[in-house]
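Subject: Structure handover

Hello,

I am passing a structure on to you, with notes on what was found in it. Please look it over before reading on.

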Amino acid sequence: MGIPKWTIKGIVDDFDECGCCGRRGLKRTVALMPLDADGNEDGTAEDVVYYGTSCAATALGRTQGKVTDTARAAQAERDAYARRIISIYAPVEFAHVRDKARVYYRRNQHQRDTGVKATEVVAKLLAEARATLADTTTGPARPSRIEDFRRYLVILTSDRRIHLVRRVPRDEAKRQEQDTAAQRRADEIRGSVLVVAALDAEAAREVAHADDLTREWNTRAWQAAHVGSHTT
Ligand SMILES: [Zn+2]
């Protein structure tokens, strides 16, 4: 078979014509990015082609069902990863180099003292994550700014595993109600309550598991983005 020529970027509803055989009126098409001889993505958004699932399956040497599942999963996973990266690192983007390095190396201990520069890596990770969520080849752009963060209440068990994650309500009375209930629950299980800001619940789990410094910057960034704003 050799090295595959394509990688699946996602599945889209807004292109109904197969770029391979020209068939029209398709319910969905698969976005494919060409790969170079070494299997690296070889192109930009403009090089992405949209094939019907049948032609995509032939091009990839897989079944149609497998192609559709892979396409959906690939996109969901890439977006989720991008949201985690932004939720962790966007708040420290403009922090002092020392804090940024601490946040990065605590998550990537094995890279400590290897010459990997935390500031450069963080900038690169953020740029890639933003590009992923801004990528409109497979649908509209997804929220990616700190202003898009939402608050999540997280109850941790005594051994710091996640017991529960809930979106914090906007309504002040409901928020207090949630907080009271969470404190009570945390007392029952001898756990603790955290409030973190993130792009989604999955990313909120990641922030909750992070170290104190990461969470400190997370809180600070959310407050800075929402100070004086009562609409959110
Ligand atoms: Zn086709």
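Predicted model: local features only at pLDDT ≥ 70, side-chain atom pairs only at ≥ 80, totals over all residues.

Residues are numbered from 1 along each chain as its sequence is written, and side-chain values use heavy atoms, with hydrogens and water left out.

Overall layout

The protein has 7 helices and 6 strands; these are DSSP runs numbered from the N terminus, with helices (H or I) of at least four residues and strands (E) of at least two. Starting at the N terminus, the order of elements is β-β-β-α-α-α-α-β-β-α-β-α-α. The C-alpha trace spans about 60 × 45 × 35 Å along its principal axes.

Helix pairs

Two packed helices are described by the angle between their axes and the distance between the axes. Axes here are lines fitted to C-alpha atoms, for helices over the stretch in contact, and angles run from 0 to 180 degrees between N-to-C directions.

H2 (residues 64–89) and H6 (residues 201–209) have axes that come within 9 Å and cross at roughly 40°. That makes H2 oblique to H6 (angles under 35 degrees count as roughly parallel, over 145 as roughly antiparallel, 65 to 115 as roughly perpendicular and the rest as oblique). The crossing of H2 and H6 is right-handed; a crossing is right-handed if the near helix is turned clockwise from the far one by less than a right angle, and left-handed if anticlockwise. In the contact (heavy atoms within 4.5 Å), H2 supplies Ala80, Arg83, Arg84, Ser87 and Ile88, and H6 supplies Glu202, Ala203, Glu206 and Val207. By class, these are 4 nonpolar, 1 polar and 4 charged residues (Ala, Val, Leu, Ile, Met, Phe, Trp, Tyr, Cys and Pro count as nonpolar, Asp, Glu, Lys and Arg as charged, and the others, Gly among them, as polar).

The axes of H2 and H4 also come within 9 Å, crossing at roughly 135°. H2 is therefore oblique to H4, and the crossing is left-handed. Residues in this contact include Tyr81, Ile85 and Tyr89 of H2 and Leu125, Ala129 and Leu133 of H4. The contact of H2 with H4 has 10 nonpolar, 1 polar and 4 charged residues.

For H3 (residues 97–107) and H7 (residues 212–226), the axes come within 9 Å and cross at roughly 125°. This pair is left-handed. Asp99, Arg102, Val103 and Arg106 of H3 meet Leu213, Thr214 and Trp217 of H7.

Pocket

What lines the second largest pocket? Its lining consists of Arg78, Tyr81, Ala82, Ile85, Leu125, Glu128, Ala129, Ala131 and Thr132. On a 1 Å grid over the protein atoms alone, a pocket is an open set of points where a 1.4 Å probe fits, with protein on both sides within 12 Å along at least five of seven lines, and lining residues have an atom within 4 Å of a point. H2 and H4 (118–134) are the elements that give two or more residues to this lining, and H4 gives the most, with 5 residues. The lining divides into 6 nonpolar, 1 polar and 2 charged residues.

Regards
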